[in-house]
Amino acid sequence: MRRRTGSLTPEPDTETPGAPRDPDPNLKQHPGRGAAGPVAGGRQGPGEEPTMGKPLRRLGMAGKLKRILLWLLLVYVSVPVIIKLCPSIQAKLVFLNFVRIPYFIDLKRPLDQGLNHTHNFYLEPERGQKIGVWHTVPTQMWREAQGKDGDWYESTLSSAHPVILYLHGNAGTRGGDHRVQLYKVNGHMTHIMPSDWLLLINFLTVFLQVLSSLGYHVVTFDYRGWGDSDGSPSESGMTSDSLFMYDWLKRRLDKALPLYVWGHSLGTGVATNLVRRLCERGSPPDALILESPFTNIREEARSHPFAMVYRYLPGFDWFFLDAITANNIRFASDENVNHIWCPILILHAEDDSVVPFSLGKKLYHMASRSKSLSGHKVQFVPFPSALAYKHKFIYRSPELPNILR
């Protein structure tokens, strides 16, 4: 009888030695289960919905956002604390003398800035303390000024043209801190139209050209610590430098020639300090011109755009404003107008975002009620927002010649 072979005889094991044995051969018929499922390699089988990927990604994004917000909060809280612990930082933010725009201007060569009738020189208000000065002669004299030395420029101060001592604001240098469009000097100029300007040049250069075209000598300088002047900035140092420059000019001017003091922005605080000193010693200037002025540095700092993010922080005055006072910085024009007795002209643009128009208006009301200014003309000239003169562009006004006359 033939021996049967089949299921009764176990078949030899043909699988690779060491490979895991499939406990249920039927699993091979169900691709959604077993090794083909999420456990094997972490991959989704066909027909299965992802269950963890998107929530994990959302949690990751939320964690990153949370860390960013925590860092921002840490920075926000740290800034006032650091300023309170190091008040000198706040002084640097007031003066901004370390900001030189444009950075590569050669202050020794005003000709490079389009000022072909300007002389650069240096004076010493104190022994070993040098300050840089620019003297721009009236436009009518520009042809004669070509190639002339310092002695010639100094001799012109005795001519029949009035003189303006210009005190600039913070940041930048006597070469200016803002680039505007250039026009060429043609010997005379009636008014400025932006469409006629050809190249970029700094704001102060154009401003000097405007005053020069109106027949003024313009003398401007960098306070100690600014531009190429020696020393470190301080309110008292700025005032002392201005007094020195005023006296230097006064000694060289014909007694019949008017000498005006013009301050812009932070320079208005310097200007009122200077004129108060001059009045107290009995020699006021012929007039004081304040462009974009404020009442005092605390009110200006509270209103400045940089203060916006901290203005409503509890303790704002203690953190920020007291740090300014700790550096002996006051620029109290609201107090100074009570000790000034000369004509005052205030110019302010309604759309000024750096020094609010309201502060200039407030200073005007204080000056108009001042007993020391009784009998002297106090004039306030607003410039509508539609003109877009903002903080630095009042010189564009075609009405400026008539206002100054």
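Visitor: In what order do the strands of the open sheet run, and what is the pairing?
Guide: In this predicted model, 8 strands form an open sheet in the order β1-β2-β6-β3-β7-β8-β9-β10, with mixed pairing.

Visitor: Which are the edge strands?
Guide: They are β1, residues 118-126, and β10, residues 378-383; each of these pairs on one side only.

Visitor: How are neighbouring strands turned against each other?
Guide: On average the angle between neighbouring strands of this sheet is 20°, with direction ignored.

Visitor: And which helix packs on the sheet, touching β1?
Guide: Helix α6, residues 235-252, packs there. Besides β1, helix α6 touches β2 (129-136), β3 (163-167), β6 (217-221) and β7 (259-264). The direction of α6 makes about 115° with that of β1.

Visitor: Which strands does helix α7 lie across?
Guide: Helix α7, residues 266-280, lies across β3, β7 and β8 (287-291). Relative to β7, helix α7 runs at about 145°.

Visitor: Let us turn to β9. How many bridges join it to β10?
Guide: Strand β9, residues 344-349, is joined to β10 by 6 bridges, and the two strands run parallel. Within this pairing, L345 stands opposite Q379, and H348 has P382 as its bridge partner.

Visitor: What about β8 and β9: over how many bridges do they pair?
Guide: β8 and β9 pair over 4 bridges, also in the parallel sense. Here I289 has L345 of β9 as its bridge partner.

Visitor: Through which helix does the chain cross from β9 to β10?
Guide: The chain passes through helix α11, residues 357-368, and this β-α-β crossover is right-handed.

Visitor: Why is β9 described as largely enclosed?
Guide: The description applies because 6 of the 6 residues of β9 are buried. Both faces of β9 are covered: one side carries I344, I346 and H348, the other L345, L347 and A349, and all of these are buried.

Visitor: A change of topic: how many disulfides does the count come to?
Guide: The count comes to 0 disulfides. As for C342, the nearest cysteine sulfur belongs to C279 and is 5.1 Å away, whereas a disulfide requires the two sulfur atoms to be within 2.5 Å.

Visitor: Is C342 buried or exposed?
Guide: C342 counts as buried because its relative accessibility is 2%, and the cut-off for buried is under 20%.

Visitor: How does C86 count, then?
Guide: C86 counts as partly exposed, because its relative accessibility is 36%.

How values were computed:
Residues are numbered from 1 along each chain as its sequence is written. This is a predicted model: local features need pLDDT of at least 70, side-chain atom pairs count only at pLDDT 80 or more; totals for chains, interfaces and linings use all residues. Side-chain values use heavy atoms; hydrogens and water are left out. Buried means under 20% relative accessible area, exposed over 50%, partly exposed in between (1.4 Å probe, protein chains only). Two strands pair if DSSP finds at least two bridges between them. Axes are lines fitted to C-alpha atoms, for helices over the stretch in contact, and angles run from 0 to 180 degrees between N-to-C directions. Contact means heavy atoms within 4.5 Å. A crossover is right-handed if, with the strands pointing away from the viewer, the path from the first strand over the helix to the second runs clockwise.
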